[in-house]
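The following report walks through selected features of the structure shown below.

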Amino acid sequence: MPVSFSTALRVVGTSLFALAVLGGILAAYVTGYQFIHTEKHYLSFGLYGAILGLHLFIQSLFAFLEHRRMRGEGRPVRLGRSVALCIAAYQEDPDYLKKCLRSVKRIAFPDLKVVMVVDGNGPDDTYMLDIFHDVMGSEHSGSYIWRSNFHVWGEGETEAGLREGLAHVQALVRGTTYSCILQKWGGKREVMYTAFRALGDSVDYIQVCDSDTVLDPACTAEMLRILEADPRVGGVGGDVQILNKYDSWISFLSSVRYWMAFNVERACQSYFGCVQCISGPLGMYRNALLQQFLEDWYHQTFLGSKCSFGDDRHLTNRVLSLGYQTKYTARSKCLTETPTRYLRWLNQQTRWSKSYFREWLYNALWFHKHHLWMTYESVVTGFFPFFLIATVIQLFYRGRIWNILLFLLTVQLVGIIKATYACFLRGNAEMIFMSLYALLYMSSLLPAKIFAIATIKKSGWGTSGRRTIVVNFVGLLPVSVWVAVLLGGLAYTAYSQDLFSDTEVAFLVSGAILYACYWVGLFALYMAIVARRCGKRQEQCGLAFAEV
């Protein structure tokens, strides 16, 4: 059968499958078919809920199977392969940068080449160069302050000077074990491009890392093990945990969410070889593949505008577009900084949502090259927020007070079930607080996703450098509108509703007591287990490699 005809069949088949999945979920949602219900529908269980429950069960099952497979991986690593670690830095907190570089020096991999590129070459950026020299030493290291970058000339730059700078950067990166380059500001993608371009084909694999990340000594060898074991795998990511989890309530909730995202969601994707985002703090790629699409990756545009965020997700998508698999391994670990303030966290999530929706469209072009799970999960996760928003608005404006309370109880019940499974899988009771993240998702992430779509063409790093935190209140706009919509709906429903029946009063009282007990219980556990540790930087983490 001709390749083109076979590809066409796969494209058509995958497209029909995606439409069938979306159509099935939409039909279940619109018809509201219920398997069982009480009189007057105070309680019910329907087809739509069954589909979502089945999705969570299947996802958890394959995540468990992938973790079991990971535990069985132990073949020796071929040490003859060359690896370069590329660190992207921008106005980094000095303490975090020192921790990052110290962890790099402890990586148990011979002849590891390290390239740190700083996004900025002004007087306010040179402190990072000083830290690099202090930590990495001067015997095998070199540095260069470049007034330009690969795409933009610096002030007073000449053509001859630019050529000399390009040659110097390439020679420094290829000929030095540890190299640090300060270049003209251009964004994270420009920084990553410089490292990739300067390395060229001089190494077999490229590992990526952010400057706020503390790496486990075995991280490089464990990711290399996955790539060496299967030539069909083009990229692999590791387990990213939170370095400053106890700095605030938002960083703690982020830590439990991170664990779920990597060890359930991405572990499940890894089972089918289609991890859709290899995270920037810890990932590794076949350099031969990366060099193939380097220019296309850098020059990515969307709706006529150059893309300057979602660099890691698009890097992953480029690997998937070539038909190669992407994997995840929990045996490779790192710790990374996360925002400790609500506004900075909200801006970060908005930026990530922008890249998610943009890359969803790009990823859809390559569904036919991978397992049907990638198509199925992309459809479910891509459209779920819109179904949820429609449900919430309908309940708050067309339901009854009991319907709203039942919805809130259901959200927390699902959260508790997921959190209980996470406690079992991780063996850590702290994961029970994952159920609290559901409220953060409902109140903040949903409006942030809509705002991300509305402002998807706006670019930038999205969060300020960690040395100087800049507060951006724009993210509060969609949250404020969302809260106003919900409060208006609640007031409208309360005003429009008829007098409560005795049965409805009983359900309302019982539901309110149950909901209150949930929050009192979780709050008590939070104060006893977590709150007493928040703000104590010496208790940032329990992993041995954090002490650097």
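Arg225 and Glu222 both belong to helix α7, which covers residues 219–229, and they sit 3 residues apart, about one turn of the helix; helices here are DSSP runs of H or I with at least four residues, strands are runs of E with at least two, and both are numbered from the N terminus. The two residues form a salt bridge whose closest N and O atoms are 3.2 Å apart, a salt bridge being a side-chain nitrogen of Lys or Arg within 4 Å of a carboxyl oxygen of Asp or Glu. Both Arg225 and Glu222 are buried, where buried means under 20% relative accessible area, exposed means over 50%, and partly exposed lies in between (1.4 Å probe, protein chains only).

The model is a predicted one, in which local features need pLDDT of at least 70 and side-chain atom pairs count only at pLDDT 80 or more, while totals for chains, interfaces and linings use all residues. Residues are numbered from 1 along each chain as its sequence is written, and side-chain values use heavy atoms, with hydrogens and water left out.

## Other charged and polar pairs

The count of salt bridges comes to 15. One of them joins Asp312 and Lys188, with the closest N and O atoms 3.1 Å apart; because Asp312 lies in helix α10 (residues 311–321) and Lys188 in helix α6 (residues 188–199), this pair ties together parts that are 124 residues apart in sequence. Asp312 counts as buried at 13% relative accessibility, and Lys188 likewise counts as buried, at 12%.

Arg257 and Glu265 meet through their side chains in a salt bridge of 2.8 Å, N to O, and Arg257 is partly exposed, with a relative accessible area of 23%. Salt bridges also link Glu66, Arg69 and Lys327 in a network. Lys245, in the loop between β9 (233–242) and α8 (249–271), is buried with a relative accessible area of 11%, and its side chain is joined to that of Glu430 by a polar contact of 3.0 Å. A polar contact is a pair of N or O atoms within 3.5 Å; within protein, one must be able to donate a hydrogen and the other to accept it, and residues adjacent in sequence count only if both atoms are side-chain atoms.

The model has 0 disulfides, a disulfide being a pair of cysteine sulfur atoms within 2.5 Å. For Cys86, the closest cysteine sulfur is that of Cys209 at 9.8 Å, which is too far for a bond; for Cys334, the closest is again in Cys209, at 7.2 Å, also too far. Cys86 is buried at a relative accessible area of 6%, and Cys334 is buried at 0%.

Ile36, in strand β1 (residues 34–37), counts as exposed at 56% relative accessibility.

Most residues other than glycine have a negative phi. Asp111, however, has a positive phi near 60 degrees; its place is in the loop between α3 (94–105) and β4 (113–119), and Asp111 is exposed, with a relative accessible area of 76%. Leu303 also has a positive phi, near 55 degrees, and is found in the loop between β11 (301–302) and β12 (305–306), where Leu303 is exposed with a relative accessible area of 56%.
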